Amino acid sequence: MSAARPGSPNYQRELAQARARKERYRGACEECDAPTTGCFGHSKAPSLCHTCSNAAKGVAKRGSGTTTSALLGFLDDGERRWIEIRDHLGITNGHTANILNRLLRYGLIVRVGHGRYRRNPA
Ligand SMILES: [Zn+2]
């Protein structure tokens, strides 16, 4: 089946049919119940909507960056002081707190005491 050329009488009808087909192929997001795309075909709707899918990818990538993976590897040996972490990462621009706070928020590291951190075993 070939698609009608733009401008031909069947073109608008085929567009409408294709839109209706994609609408029927939609699913519901497992996380937020929003409609998922129907563009992948019959019974191939993704389980997550675009927003939740991107959020899940972001969560999966946490701690995998160059600096954060170096930090997490450094903390594998055990508890480290803030200044040891800064020197190990070679940070000279006051960025250490940003990285540590982000990883604390993500639950990847634990603040043991004042200025002391270790990897979260969980
Ligand atoms: Zn969703």
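Helices (H or I, at least four residues) and strands (E, at least two) are DSSP runs, numbered from the N terminus. On that basis the elements of the protein run α-α-α-β-α-α-β-β from the N terminus on, a total of five helices and three strands. This is a predicted model, in which local features need pLDDT of at least 70 and side-chain atom pairs count only at pLDDT 80 or more, while totals for chains, interfaces and linings use all residues. Residues are numbered from 1 along each chain as its sequence is written.

**Overall dimensions and domains**

- The radius of gyration, taken over C-alpha atoms, is 24 Å for the protein. A compact globule of 122 residues would have a value near 14 Å, by the rule of 2.2 Å times the number of residues to the power 0.38.
- Along the principal axes, the C-alpha atoms fill a box of roughly 70 × 30 × 20 Å.
- Domain 1 covers 11-59 and domain 2 covers 62-119; such bounds come from an automatic or database domain assignment.
- A distance of 39 Å separates the C-alpha centres of domain 1 and domain 2.
- Buried residues account for 9% of the 122 residues. A residue is buried if 20 or more other C-beta atoms lie within 10 Å of its own, exposed if 12 or fewer, and partly exposed in between, with C-beta atoms placed from the backbone.
- Of the contacts between residues at least 6 apart in sequence, 27% join residues at least 24 apart. Two residues are in contact if their C-beta atoms, placed from the backbone, lie within 7 Å.

- Helix H1 (residues 11-25) has 15 residues and reaches 21 Å from its first C-alpha to its last, close to the 21 Å expected at 1.5 Å a residue. The expected span is 1.5 Å times one less than the number of residues in the helix.
- The number of buried residues in H1 is zero, so H1 lies largely in the open.
- Arg 19 lies in helix H1 and counts as exposed, with 10 C-beta neighbours inside 10 Å. Arg 19 and His 88 are 69 residues apart in sequence and, C-alpha to C-alpha, 55 Å apart in space.
- Helix H2 (residues 50-61) has 12 residues and reaches 17 Å between its first and last C-alpha, close to the 16 Å expected at 1.5 Å a residue.
- H2 also lies largely in the open, because the number of its 12 residues that are buried is zero.

**Loops and positive phi**

- Most residues other than glycine have a negative phi.
- Asp 33 has a positive phi of about 70° although it is not a glycine. Asp 33 sits in the loop between H1 and H2 and is exposed, with 9 other C-beta atoms within 10 Å.
- Ser 43, also not a glycine, has a positive phi near 55°. Ser 43 is found in the loop between H1 and H2, where it is exposed, with 7 other C-beta atoms within 10 Å.
- Just after H2, Gly 63 takes a positive phi of about 80°; Gly 63 belongs to the loop between H2 and helix H3 (66-75).
- Gly 63 counts as partly exposed, with 16 C-beta neighbours inside 10 Å. Leaving aside neighbours within four places in sequence, the contacts of Gly 63 are Thr 68, Ser 69, Leu 72, Leu 103, Tyr 106 and Leu 108.

**Sheet**

- Three strands form an open sheet in the order E1-E3-E2, with antiparallel pairing. Strand E1 (80-81) and E2 are the edge strands, each pairing on one side only. Two strands pair if DSSP finds at least two bridges between them.
- Four bridges join strand E2 (residues 109-113) to strand E3 (residues 116-119), and Ile 109 has Arg 119 as its bridge partner in E3.
- The hairpin of E2 and E3 has two residues between the strands, and in this hairpin Gly 115 takes a positive phi near 70°.
- E1 and E3 are joined by two bridges; the bridge partner of Arg 80 in E3 is Tyr 117.

**Nonpolar core**

- The largest nonpolar core has six residues: Leu 71, Leu 75, Ile 85, Leu 103, Ile 109 and Tyr 117. A nonpolar core is a set of buried Ala, Val, Leu, Ile, Met, Phe, Trp, Tyr and Cys residues joined through C-beta atoms within 7 Å.
- Not counting residues up to four places away in sequence, Leu 75 touches Arg 80, Ile 109, Tyr 117, Arg 118 and Arg 119.
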